[in-house]
Amino acid sequence: MLRKGSEFLLGLFFSDDQTIVYDNIKLSHDLSKEAIRELKSISFKFLGPLFMTRNLYKQKQWKIDYIETSLTPQLRMKVDDTLMQSFTCLNSTRKTAGYITNLFTFIGSPYTEDLTMIYERLDKFIHPSIIQGKIIAQKIHDTDFDFNLLVEEEIERGIDLLEHTLGSSRKIYWEEKMAYSTVAVIKRTKKDGLLESDLYTFDLDDPLRKEALNCIPSYYFMGILPDYYEKMMNETLRLFGKDGLYSNIIKIKMSNPDMVVLYIEEFITNEDGKTSYGLILIPSNNKVKESRDLFFYKKKLRNMLDKNKNFERAVIELNSRINPFQNWNLNSDESLQNIERSLDSKL
Amino acid sequence: MEEIQFNKLYNIDKERLYSNFQRIQNQFKDLNSTEIIATFLYNQSIGTSIPLISEVLTYFQHNLSKDVELLDFVFEWIRANKIRLEYKKYINLSDYKAYTIALDDIIFLFFLKYDEYLRLLFRENMEEYEFTTLYQIIFNPKQSNPINLIELLERNKAKVPSIIINEEKISIKIHTLREGLSEMIRNDYYEGKPADIKFINYEKKTSNENAIEKDFDGTMVERLIKFYCFQKREIDKKEFTLAINQFLSSYFQYGIFYNFNEFKEKLISSFADYIYSGLTQNYENYSIETIQNELFLEINEVEKKFLNVRLKGKAWIEDLKPILQNFIEKFVNQL
């Protein structure tokens, strides 16, 4: 459990196949009723990624499992160990008796939090419990029951359970030690409020481009994720009155029944603004070689930023087949359409 | 594979147990095989009596998978006792804010995976209420009240139905586990709490301190009465049921316990209030007090049954539904 006095925020949202959203939000500090009502509307902002998940799910059954960020306080902000330091979104998508449901949570906490443990509770217990509750109530009461009430109660139970779980120290899971291969690098810079994001990957005619495309949702989707979520997290923090905190993507995990894809990122801030380097990683396979574990990649990214290493050389060291001289811009609709047309083409 | 995993967590020495079993087998040659196994289990501090254990074994023996022996099930019953001891240690050390959190967390940590494993011992088409009953028996402490197997099965039949859609059995295992384990976990949870909080509505007060206490919402009742006053059309029984259901469900929460005295007055005044609000000007002869009094008399008739009874929200909904429905039907008929 969280230490007394710790800052936290916790939201749990459930959406069913008719895109109906049920929510429950908990905060460590009091807000007025009006403010809480306004906060309820953020579920629609957060459902953006869920809708994306839904579209992807229909095609390739990809779903977003979680997005993890660290929080950076403003320079003059008073910092202590009860202050929120991490902000994470976890999503469970399930298909039962032919329809898809999503259960989505965001967690702001002073701890890094054991995400695997929280995700297990979300995906294996809270989400099935809502779905099963509905099925049983339908069977027992036919139409003569209040489904809204049932979902709200289950969500309340779920959020209580998640709150109880918060404050756990993180364990190292096998996932961290598995071997992964880099299939793309994303460089994001922010200077004077302007965001510049580029993706680097295999050449268009390199067969590895298509191999990697089979292992990820799409280059387009993977490319827009970090900017999208970072912006979304910052907006949410503002809504919660956390104006002095900024989020930085650490890890995004997506999966489908057969595959997993990770995005990991490190950042540095200086007088020039903020620079982030991120890697799109897939579990090593026979075709995309040059694989290492997550510790290696994290260290490598840190080195690139802290020692200001030559970007092109570092990218080649990560995967010699990635072309560090051809950037795919991620900031305009036109350039994103270009990625869809060329990088995401299966031809 | 699963057995290895559970052996690591809750190891039982099958060799030693088997030699104990053989000893009992040699000792009681005049007993039949089920009675011998029941005696063996009873000697292992399992179950409240040998006849009851025999009855349970006989019943569940018919549900075992093809390659599973009765002794395999018996060993799992012994393991269940071990899991119970482990979980009890955990619940005593944990600081749960409310019983419902304890219930969900304990099921997730100790029973969810075990349920998957245990189901492998039984036929795929074993009914969910039978699993609920099985959990109520195998995790039941020896010193607790004796169990009536048939009564338990009957009681669970309505509450835990198996659900089959397109010939596929839909998993409702969390519901099955909650029904099967809630009583045991509740008792263990409150056992470690100070006496003064055992009998108050602990969950409700702590689950969300900022929550406003719930009120009855009878807008459907009000609408129904209004509709009748304007149209004078006969109201379908189902519409009454829906309105009463909404009224009761708006107040009672699933999984939370209520005492009758906690809500009696609120229920009478709210229900009468909504009925009164639904009446149009043609019915000026009715006052809110008259409706309240009539309802009070109706409730008074059954009050004895409910006095000092502490039930879950869901149970109150079921118990109060016919009383309120009867009242409102009579009320509309006399309008």
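Mentor: Begin with confidence. This is a predicted model; local features need pLDDT of at least 70, side-chain atom pairs count only at pLDDT 80 or more, and totals for chains, interfaces and linings use all residues. Residues are numbered from 1 along each chain as its sequence is written, and chains are lettered from A and ligands numbered from 1 in the order in which they are written.

Trainee: In chain B, where is confidence lowest and where is it highest?

Mentor: pLDDT is the predictor's confidence in each residue, from 0 to 100. Helices are DSSP runs (H or I, at least four residues), numbered from the N terminus. In chain B, helix α10 (residues 202-207) is lowest, at a mean of 38. Helix α7 (residues 128-138) of chain B is highest, at 94. Under 50 lie residues 195-212 of chain B. Where pLDDT is low, the predicted coordinates should not be read in detail.

Trainee: At what angle do α5(B) and α6(B) cross?

Mentor: Axes are lines fitted to C-alpha atoms, for helices over the stretch in contact; angles run from 0 to 180 degrees between N-to-C directions. Helix α5 (residues 70-93) and helix α6 (residues 99-119) of chain B cross at roughly 160 degrees, their axes coming within 11 Å. That makes α5(B) roughly antiparallel to α6(B) (angles over 145 degrees).

Trainee: Which residues meet there?

Mentor: Contact means C-beta atoms, placed from the backbone, within 7 Å. From α5(B), B:E76, B:I83, B:Y87 and B:I91 meet B:A102, B:I106, B:F110, B:Y114 and B:L118 of α6(B).

Trainee: How many residues does each chain bring to the contact between A and B?

Mentor: Chain A gives 23 residues and chain B gives 26 residues. On the chain A side, α3(A) supplies the largest share, 11 residues.

Notes: Two residues are in contact if their C-beta atoms, placed from the backbone, lie within 7 Å. Helices (H or I, at least four residues) and strands (E, at least two) are DSSP runs, numbered from the N terminus. Angles under 35 degrees count as roughly parallel, over 145 as roughly antiparallel, 65 to 115 as roughly perpendicular and the rest as oblique.
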